[in-house]
Structure formats: structure tokens, C-alpha cells
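Hi,

Here is the structure I promised to pass on.

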Amino acid sequence: MRAYIIRRLLLTIPTVFFVSLIIFFVIRAIPGSIIDKMEAEFGGGYGVTKIDIAGIKHQLGLDVPIYTQYGRWVTKIVLHGDLGTSLWKGTPVINDIKQRWPVTFELGILALLVTQIIAIPVGVYSALRQDNIGDYIARSFAIFCIAVPSFWLATLVIVYPSIWWGYTPPIMYVPFGVNPIGNLKMFILPAVVLGMSGAGGNMRLMRTMMLEVLRQDYIRTAWSKGLKERVVVMRHALKNALIPVVTMIGYQLPVLVGGAVIIENIFNLPGMGRLLTDATTSRDYPIVTAVVLIISVVLVFINLLTDLSYGFLDPRIHYR
Amino acid sequence: MSDKTLERTIEHKKRSKSVELVMRLIKEKPLGTVGAVITLILLIVAIIAPLIAPYGMNDVHSLNALEGPSSKFLLGTDNLGRDLLSRVIFGARISVIVGLMSSLISTIISTFLGVLSAYIGGTFDLILQRFVDAELSIPNLLLLMIIISMVGPGLWQVILCLGISNGIGNTRMIRSLVIGLKENVYINSAVSLGASTREIIFQHILPNIMAPIIILFSMTVPWMILNEAGLSFLGFGIPPPQPSWGGMLSGSARRYMLKDPWMALWPGLALSVTVYAVNMFGDALRDLLDPRLRGGIGRYGRKIKRKGTIKSNPAAPEGESL
């Protein structure tokens with residue numbers, strides 16, 4: 001077990017290295033184009049006669065060879081925790097991120113909660129009543145969750161209640177610490193919409209796993225002992241069927257983050273996703289790089305944790 | 001048996017294979033058949049879009065802007081007075097092209113890298129898989145957004161970016177299939193008979209993973225369609241005058257939706273029905289082609305052995321009836 005943990009930790013190092021490499025080169029790979037694009041979009045009109053190309057080049061560190069740029073960028077982050085400064089505001093990127101991450105974090109946690117609250121009971125029910133009318137309804141609902149894109153659902157949730165009942169979701173952000181109820185009121189709709197998009201896949205996985213577990217010998221033993229359905233399902237079957245569902249969370253997170261970017265934009269939540277889309281549109285590349293890097297590295301470590309948790313959750317697994 | 005008769009038999013078997021697959025689809029998978037029919041309709045609509053659309057996709061009828069469904073405009077008009085039905089029909093084109101092309105690119109990349117990674121193994125595999133890990137950790141939508149903001153929005157940019165980034169991620173699946181296959185005795189014997197790496201990959205490995213590859217392709221298509229819609233929705237996909245279903249729900253259209261809720265309804269409905277249909281079709285195809293992938297509860301049907309001939313599995317009683 002310890003050897004596995006050490007091996008897994010060591011393998012994380014090249015992964016993080018590649019993450020930083022991909023993000024860095026995606027933004028720098030097209031030489032000169034950043035500057036050209038900036039000049040085309042922001043130079044000229046709007047009172048800006050000429051943007052300081054050399055200055056921006058220097059600020060972005062584009063005036064040295066690319067490997068030196070990468071080296072500098074990484075050393076700054078690793079040694080000083082310096083993620084760079086915003087091109088247009090001139091403030092350190094870390095300030096923006098510190099301000100924004102709680103929103104995305106809360107949205108993500110609530111959405112995950114919604115996903116599991118829908119997926120686990122419905123998936124279990126669906127497996128217990130396999131090929132029943134209830135099972136068909138549940139499975140159709142799962143496909144519905146997969147097929148309906150979250151941005152459309154969000155649009156409908158905003159447009160139709162407002163026309164029919166004059167209801168609009170709150171758009172002024174209040175932190176949880178200031179006004180917990182107002183804060184939850186604001187988050188509940190986005191979280192449900194985002195959570196539903198993940199619920200379909202999880203529900204199907206839960207059903208499949210439950211069906212598999214229910215056919216095992218020890219479940220038959222439990223039945224023949226005369227245990228009640230509730231006990232067999234809750235205490236014996238569910239526990240083992242849940243293991244793959246837990247690891248699934250690790251794989252779903254990148255998709256969830258992508259969804260959060262869209263949802264934050266629709267519901268006007270000032271999170272990391274909003275920060276990223278705004279920065280991408282205004283070509284504020286230090287912010288873009290920093291946000292994507294932080295999100296990705298966090299996801300690498302969450303994946304590491306889910307991988308390791310596998311061993312604790314399932315005692316049958318032995319690591320070599 | 002002369003060569004000619006043999007050829008004819010093979011030919012006949014090949015044809016009967018696809019006919020048989022369709023028959024089984026209709027017989028065993030009613031929902032999958034519905035999905036297949038809708039997918040087919042979508043394809044046809046996309047191909048003959050200019051013939052069936054009542055108006056051009058960018059024809060402006062400014063006097064009729066923001067109207068609900070009427071006999072003149074079956075689904076209503078948008079804020080500029082463009083016919084929504086025509087735009088939804090032309091939008092199908094974008095979805096079909098992006099869905100098919102980017103899935104094709106993605107499948108080719110993941111097959112190539114997956115086979116290579118599994119077959120070569122060792123350090124190459126270790127490093128490549130860390131790269132795949134990294135790619136999987138960066139949320140796809142974020143990466144795509146940035147790349148497209150760099151290369152500029154457009155149809156081909158979206159197709160290429162979706163195809164490449166998704167292809168790298170899917171490598172994992174092909175790799176695990178090939179690793180399982182490599183253990184087989186016949187691969188070992190082929191190696192000891194002196195078959196070259198190329199021969200083994202093209203004659204023994206690829207034909208054996210053809211069914212999963214087809215399934216992977218069919219599962220990737222709805223994912224790509226949704227991703228394109230998401231990107232276009234955020235403004236990083238197909239640029240505006242082109243009618244993309246995602247794009248029709250975003251931008252300036254959003255400001256008029258409270259006045260004309262039909263604008264919010266149709267593109268999303270088209271998108272959802274499409275994704276639903278392709279998903280159902282893909283699921284049915286997976287069950288019919290390779291029940292092993294169902295995650296343990298599959299019935300063991302027939303396996304495709306190689307090069308179009310089917311050998312029925314003696315363990316499957318229902319295999320004999322066909």
C-alpha cells in the first residue's frame with residue numbers, strides 16, 4: 001500500500017509538468033499572434049492610438065527564447081507563488097483568484113450534492129425494479145439529463161418562469177458569510193441545473209453497479225437469512241455498489257468545471273469561470289494562464305485522492 | 001471450392017452481416033431504432049437543407065421580427081426577423097459536420113496513440129500516459145476556449161480543436177483494449193512466427209478492436225455536438241451569422257428571449273432531440289456489437305472475429321437463431 005502511494009505520488013509530478021507545459025504552449029505556441037490580435041482589437045479606435053507593443057512583449061516575457069520564458073514562469077510560481085499580474089488592471093492575478101474561488105467552489109460542491117441526491121436513490125430504485133415501468137421512467141429521465149445541455153436548461157429556467165410568474169433569479173451576489181439564506185437562494189438554481197447534467201451518467205452507473213452487486217452470492221445469502229429488503233439493499237448491496245460511483249466523481253470534475261464556466265456566465269455568478277471567460281475575451285493572458293493552471297492542478301490532486309481512496313473503500317483491492 | 005465461390009461466400013456474408021445487424025436493431029432495440037431513425041432524418045435534413053428550408057438562413061424579414069409561430073413562419077422569427085425554422089434546419093448542418101468530422105479525427109488519433117502506447121509499452125507508454133493524464137485534468141471546455149481565442153473562431157478550427165483534444169483523452173480506452181488483446185496466445189504465436197510489428201497491428205490487433213472503435217466513434221458524436229454548442233454559446237465556436245444551435249441561444253438573442261420565448265425553445269429542442277437520438281442509437285449499437293462493454297450485465301451475443309466473417313459464440317443460444 002505504501003509503495004503504491006509513493007509510486008502514485010511520483011507519477012503526479014510528470015503529470016503536473018505536462019499540465020503546465022500544455023497550458024504554457026497553447027498560449028505561446030503561435031508566436032506574435034497574441035500581440036497582433038491585441039493590436040487589431042484594442043489598438044486603433046477607442047481612443048487608444050497605439051498600444052505599447054514592446055512594453056506588453058516585455059511584460060508577457062515574450063522578448064526572450066521560449067524555453068527561458070517557460071523556465072522563468074515556472075520558477076516564479078514555484079519559488080515565489082507569483083502567478084503574474086493582470087495586463088489591463090495591473091494587479092496581481094492571485095488577488096482575483098482569492099476573491100473568486102469560493103463562488104466556484106460552492107457551486108461545484110452544491111452541484112455534486114444535487115447530482116448524487118438525484119443519481120443514487122433513482123439508480124438504486126431503477127436496479128431494484130429492473131424492467132419495470134418505474135425503471136423505464138427513471139432511465140428515460142437519465143437520458144433526458146444527458147441530452148439536455150445545461151446552458152439550454154438554464155436559459156429555459158430563466159426565461160419561462162419570468163414570463164409565466166414574473167420570477168427572476170437574484171443577480172446580486174451575496175457571500176455566504178454575510179447572508180446565508182440569500183446566498184443559497186442565489187446558488188440553488190444554478191446548482192440544480194449544473195447538477196442535473198451530471199446526474200444522468202451517474203444514475204446509469206449506479207444502476208449498472210447495483211444490478212451487478214445484487215447478483216452476487218453474498219446478497220443471496222443475505223436474502224436467505226431472511227433479512228428485510230431495506231437491510232439487504234442499504235447495508236449489503238449499496239456499500240459495494242457505491243465504490244465505482246465515488247471514483248466516477250474524480251473523472252466527472254473536469255466536465256463539471258466546464259459546465260460551471262457556462263452556468264456562472266448565465267446566472268451572473270462572479271466565480272473563476274466568469275473570470276476566465278472575461279479574461280479570454282479581453283485577452284488578459286496572465287489571468288487565463290493562472291486560472292486554468294490552478295484549476296487543472298487542483299483536479300490532478302483530486303484525481304490522486306480518488307485513486308487512493310479506492311484502496312480504503314474497497315478492501316478487496318491490494319496494491320502491489 | 002474454387003476461389004470465386006469463396007469470394008462470393010465472403011461477399012454474401014459481409015452483406016448479410018449489416019442486414020442482420022439492422023434486423024437485430026429493429027427487433028431487440030426499439031428505442032435504439034427510434035434513435036437511428038431520428039439520426040437518419042437529421043442527416044438527410046442536413047444534406048438537403050437548402051431544399052427544405054422555407055427561407056435562406058440569413059434572410060431578414062424585419063417587419064416580422066420577434067413573431068411567434070404562424071403559417072408564414074412555422075416556428076416564428078428571431079430579433080432580426082430571420083425565420084427560426086430555416087435557421088434550425090441549417091443549424092443541423094453545423095451539428096452534423098462538427099459531430100462527424102471531429103469524432104472521426106478524435107477516433108483516428110486515439111486509435112493511433114492507443115495502439116502505439118499499448119504495443120510499444122515501457123517508457124514510451126509511461127510518458128505518453130502522463131501526457132494523457134495531464135490532458136484529462138485540464139477541463140476540455142477551458143482548453144478549447146483558449147485555443148479558439150488564439151486561432152480565431154470558425155468551423156474548421158472548432159472541428160480540429162475538438163477532435164485533437166478529445167482524441168488524446170480517449171487514447172486511454174483503446175490502450176486498455178490493446179493491452180488486454182496483447183496477452184492472447186495468437187498474438188504471441190504471430191510474433192514467434194516472425195510477423196512484423198506492422199503486420200501484427202494491422203492484421204491482428206486492429207480488426208479485433210474494430211467493434212469498440214465503432215462504438216467509441218458513435219459515443220463521441222453526441223459529446224462533440226454538445227461541446228460545439230457549448231463553445232458557440234460562449235462565443236468561442238462558430239461565428240454569428242452562421243446558424244449554430246448553441247450560438248442561436250447566446251449573444252444578442254438572449255436579450256430578446258423574454259419578449260419572444262420561442263427563440264429560446266427551438267434551437268435547444270433540436271439540440272436535445274439530436275443528442276438523445278444519437279445516444280440511444282450509440283447505446284443500441286454498443287449492446288449489439290460488443291456486450292462486454294456494458295459493464296458486466298451484458299448478454300454474451302456474437303463477437304466479430306475478423307475481416308467481416310462472423311463466428312457465432314457457442315455459449316450464446318440466441319446466436320444460433322439468426
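Before anything else, a word on "contact": two residues count as being in contact if their C-beta atoms, placed from the backbone, lie within 7 Å. On that basis, residues 24 or more positions apart make up 65% of the contacts in chain B with a separation of 6 or more.

This is a predicted model, so local features need pLDDT of at least 70 and side-chain atom pairs count only at pLDDT 80 or more, while totals for chains, interfaces and linings use all residues. Residues are numbered from 1 along each chain as its sequence is written, with chains lettered from A and ligands numbered from 1 in the order in which they are written.

**Confidence**

For the complex, the predictor gives an ipTM of 0.81 and a pTM of 0.82. Per residue there is pLDDT, the predictor's confidence on a scale from 0 to 100. Chain B averages 78, and 85% of its residues score at least 70. Within chain B, helix α4 (residues 84–120) has the highest confidence, at a mean of 90, and helix α14 (residues 317–320) the lowest, at 32. Residues 293–322 of chain B stay under 50 in pLDDT, and the model has 49 contacts beyond four places in sequence for them. Where pLDDT is low, the predicted coordinates should not be read in detail.

Buried residues (20 or more other C-beta atoms within 10 Å of their own; 12 or fewer is exposed, in between is partly exposed; C-beta atoms placed from the backbone) make up 43% of the 322 residues in chain B.

As for the interface, 38 residues of chain B are in contact with 43 residues of chain A. On the chain B side, α5 (122–137), α6 (140–151), α10 (210–234) and α13 (262–289) each supply at least two residues. The largest share, nine residues, comes from α6(B).

**Cores**

I took a nonpolar core to be a set of buried Ala, Val, Leu, Ile, Met, Phe, Trp, Tyr and Cys residues joined through C-beta atoms within 7 Å. The largest one has 135 residues, and those with the most contacts inside it include A:L107, A:I263, B:L142 and B:M145. α13(B) gives the most to this core, with 16 residues. A second, separate core of seven residues includes B:V115 and B:I209.

**Two local spots**

Helix α10 (residues 229–267) of chain A has 39 residues, yet its end C-alpha atoms are only 43 Å apart, short of the 57 Å that a straight helix would reach at 1.5 Å a residue (expected span: 1.5 Å times one less than the number of residues). α10(A) bends by about 50° at A:L238, the bend being the angle between axes fitted to the seven residues ending there and the seven starting there. Just after α10(A), A:N268 takes a positive phi of about 65°. A:N268 counts as partly exposed, with 14 C-beta neighbours inside 10 Å.

B:P153 lies in the loop between α6 and α7 (155–182) of chain B. The C-alpha atoms of B:P153 and B:P239 are separated by 6.1 Å, though the two are 86 residues apart along the chain. B:P153 is partly exposed, with 18 other C-beta atoms within 10 Å.

Cheers

Technical notes
Helices (H or I, at least four residues) and strands (E, at least two) are DSSP runs, numbered from the N terminus.
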